[in-house]
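I opened my notebook to record what I looked up in this structure, going from the whole chain down to single residues.

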Amino acid sequence: MTPEAPDDHWEVEALYDTCFAPGREALSSYRLRDGVPPVAGLSHVARDSGGILAGAIRYWPIRIGAAEALLLGPVAVHPTRQGEGLGAALVETSLAQAAPLGWERVMLVGDAPYYSRFGFTLLQDVEMPPPTNPARVLGRAITPEAWTGITGKVSRWRD
Ligand SMILES: CC(C)(COP(=O)(O)OP(=O)(O)OC[C@H]1O[C@@H](n2cnc3c(N)ncnc32)[C@H](O)[C@@H]1OP(=O)(O)O)[C@@H](O)C(=O)NCCC(=O)NCCS
């Protein structure tokens, strides 16, 4: 697994097109990514020994009020490589690097039955832009209690 490099960009886009339903960029989480660069160093790719792209994960910075957080995703593993633990490796390897980079909390929009194994739980008081199913808004603390008291609308990153 290696950090995503500029040359990986279009291959990762093609993988996401393969793995997600058409129109993925219409999702509200993409509005939080428009015009904002992904977090340097956290996005990763997994390739097989022949260099074929098997999986990828990206992260964006976001805000909830004044608080900073990571938005995990998209994460995808090629259909021919799913179920081998690559998804878990992408999530855990990348998140292990989030604390040293100073990030305190991470959230995502996804399936709780998958992400609960990584310690993600429902963020009841955090509001993604509509249309988002609130049952899919999940978070994990990187530093202890990092989600305590964090409430409100998720917004795009501004420096
Ligand atoms: C979700 C995804 C990244 C998982 O990658 P992976 O490499 O197959 O995952 P792992 O091998 O680490 O884990 C596989 C396990 O997760 C389970 N799983 C996968 N997707 C799941 C989901 N949406 N809900 C619940 N469980 C899920 C599998 O059933 C399997 O369970 P098992 O360990 O009991 O057999 C991959 O299936 C994928 O790319 N899916 C399409 C894109 C997508 O939905 N991305 C996530 C956006 S929220």
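My entries below follow the order in which I looked things up, and I note at the start that this is a predicted model.

Entry one, the overall fold. I looked up the secondary structure and found 4 helices and 9 strands in the protein, which follow the pattern β-α-α-β-β-β-α-β-α-β-β-β-β when read along the sequence. The radius of gyration is 15 Å, close to the 15 Å that the globule rule gives for 159 residues, so the protein is as compact as a globular protein of that length. I also noted that buried residues make up 34% of the 159 residues, and that 66% of the contacts with a separation of 6 or more join residues 24 or more positions apart.

Entry two, the annotated span. The UniProt record, an unreviewed entry, places the feature "domain: N-acetyltransferase" at residues 1–143. I found that this span is 21% helix and 30% strand, with its end C-alpha atoms 24 Å apart.

Which residues come nearest to the ligand? Of the 16 residues around the ligand, they are Val77, Gln82, Gly87, Ala88 and Gly110. Strand 4 (67–77), helix 3 (86–96) and helix 4 (112–115) are the elements that give two or more residues to this shell, which by class has 9 nonpolar, 5 polar and 2 charged residues.

I located Gly65 in the loop between strand 3 (53–64) and strand 4, and Gly65 counts as partly exposed because it has 13 C-beta neighbours inside 10 Å. From C-alpha to C-alpha, Gly65 and Thr80 are 40 Å apart in space, while in sequence they are 15 residues apart.

Methods
Residues are numbered from 1 along each chain as its sequence is written. This is a predicted model: local features need pLDDT of at least 70, side-chain atom pairs count only at pLDDT 80 or more; totals for chains, interfaces and linings use all residues. UniProt positions are given in the numbering used here, feature names are shortened, and annotations may be inferred rather than shown by experiment. A residue is near a molecule or strand if its C-beta atom, placed from the backbone, lies within 6 Å of it. Ala, Val, Leu, Ile, Met, Phe, Trp, Tyr, Cys and Pro count as nonpolar, Asp, Glu, Lys and Arg as charged, and the others, Gly among them, as polar. A residue is buried if 20 or more other C-beta atoms lie within 10 Å of its own, exposed if 12 or fewer, and partly exposed in between; C-beta atoms are placed from the backbone. The radius of gyration is taken over C-alpha atoms; the globule rule is 2.2 Å times the number of residues to the power 0.38. Two residues are in contact if their C-beta atoms, placed from the backbone, lie within 7 Å.
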